[in-house]
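This report describes a protein model for a reader who is new to structural analysis. Please look at the sequence and the structure before reading on.

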Amino acid sequence: MKATGLRICAVMMSACLAVACATANGETPAPAPDVRPPGQRLYGAHCLSCHQSDGRGVPNMQPAIAGGTWVQGDARALALFVLTGGFGSDARKDSDVGNVMPPFRQLGDADLAEILTYIRQKFGNGASAVTAAEVAEVRASLGAAPAS
Amino acid sequence: MRTACLARVVSVALTVGFASTFAAAAFADGNDGLTLPSGFSAVVVQEGQGAARHLDVAANGDIYLGGRNGLSALRDTNGDGKADVVTPFGDVKGTEVRIFGTWLYVSDDVGVYRYALKKGELAPTGARETVVSEFPKERQHSDKTFALDPKGALYINVGAPSNSCQQKDRQEGSLGQNPCPFLEKYGGVWVFDGTKLNQTPANGRRFATGMRNAVAIEWNASQNALFAVIHGRDSIDTLFPALYNAEDNATRQAEEFHKIVDGGNYGWPYTFFDTKLGHRVIAPEYGGDAKKEPEAGKYANPLVAFPAHWAPNDLLFYAGKNFPAKYQGGAFIAFHGSWNRAPEPQAGYKVVFQPMKDGKPNGAYEVFADGFAGDMKDNSPSNARYRPVGLAVGPDGSLYVADSQKGRVWRISYAGK
């Protein structure tokens, strides 16, 4: 824990220094430009808190994306799942994963395509990219049905 | 301005980083990589046979360990602390394990059962009896942890199968169901006669409500009262991004330590205790604006508000003979460790001691055992070396700790300086 403790400490110190000092001086700090690729940035905003930064999920809580045959399978099926949420395939219904996947219909086709491409090609995964047109097609097939 | 600013930075750094770093530096050798206060040492009782949960230790030192892979009985035949005999038994895959008189009470997600403990037997050979069964099978917060009082009243934690009772669980912006229907059958403690067999949930009485998931539940014999540490809600940032950011989510929703009284209401899902503001707030699902307080006195305030997402998974009041006087009557809490603090640094993964006097906190909590998680690469819980999940006290007063990653069990004893 020593290294971790020091690292956390360093992170905390720099974060606090930035925030505390800016506040004390009455200035608003300019946010640092986010230079991450869009897929990584969007994964960080919408997926990471559950599936974690290494895509391994959390035991008994959220499934791993890393090495997932399902994640690397049919792109349209994956897009459908991310748009509608739930527990996915019949096989996964019997798993001991505790938490439900929320639907992400609030995200646009291009953003979802970035996320899906990212998770299919990161964490040791090696599947094809997903296009915004493919996501749009799957979304259109859902019609106006409410998200599950 | 600069001085004040630096002072703030240093004080935060001291509480967050340096304290644990110094402890680690001083006692990192031995003890299986765990860091302990001066005078304490840890022995590995068993290396691990798969995810463990709770455990209890009999008067003769035999250890009964529960987990998702089933139950096992452990015996140290030569007094070196290591279990030489490990005997799996029974067919209950779950969490709780408690010795009560001549019985071993255990639970899985849908019921509480018991086995007779007979003299001379390590693993019980008698038939499993059902005390309560037919709780609905749920995916979320389903561990039926429990406590027994000396008269045999059985207090079962029935966690809510939901994060915050949204109309759509864990879905961005979804509002709360009002009233929350889960509270009729979940989200509280139900009390049963623990000496009667073949009961169903209908035989129980709701003892307390508004408890999301009180995995860490314990009868305090010296106070003749029930206590629990409750898992607080997740994801205020991703569900309500206009109100909260990732740092808020990682730090504000307390893990609440309460004395649980008959008829008590502890505020889930309508509120949570905000550790930043130091008071209870209305949950965003129920019209909260990150500040608004509920009606005064409606929900109990916690005895101690522990940091967000640390995941309190077991509670124990120390009454053993081995530890120094300051530990008497105090509370040990096993914090399983966070997942929902990501992308902020994960936290928890430690055993904490909360000094208590007359059933009330007596000073600040202290980290008792740390170093379980190791480096935890990528800030990812899967990479934790160990995660403390169960606590028990042996006949000599040693504290036993069980781990959910590998099923490791440690015995922590005090030998003085």
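## Nonpolar cores

Within the largest nonpolar core, which has 108 residues, those touching the most other members are Leu55(B), Leu65(B), Ile156(B), Ala228(B), Tyr400(B) and Val401(B). A nonpolar core is a set of buried Ala, Val, Leu, Ile, Met, Phe, Trp, Tyr and Cys residues joined through C-beta atoms within 7 Å. A residue is buried if 20 or more other C-beta atoms lie within 10 Å of its own, exposed if 12 or fewer, and partly exposed in between, with C-beta atoms placed from the backbone. Apart from this core lies another, of 26 residues, including Tyr43(A) and Val58(A).

In soluble globular proteins, nonpolar side chains tend to be buried together.

## Basis of the model

The model is predicted: local features need pLDDT of at least 70, side-chain atom pairs count only at pLDDT 80 or more, and totals for chains, interfaces and linings use all residues. Residues are numbered from 1 along each chain as its sequence is written, while chains are lettered from A and ligands numbered from 1 in the order in which they are written.

## Chain B as a whole

Buried residues account for 52% of the 417 residues in chain B. Along the principal axes, the C-alpha atoms of chain B fill a box of roughly 65 × 55 × 40 Å.

## Asp193(B)

Asp193(B) is partly exposed, because 16 other C-beta atoms lie within 10 Å. Leu154(B) is 39 residues from Asp193(B) in sequence, yet their C-alpha atoms are 5.9 Å apart in space.
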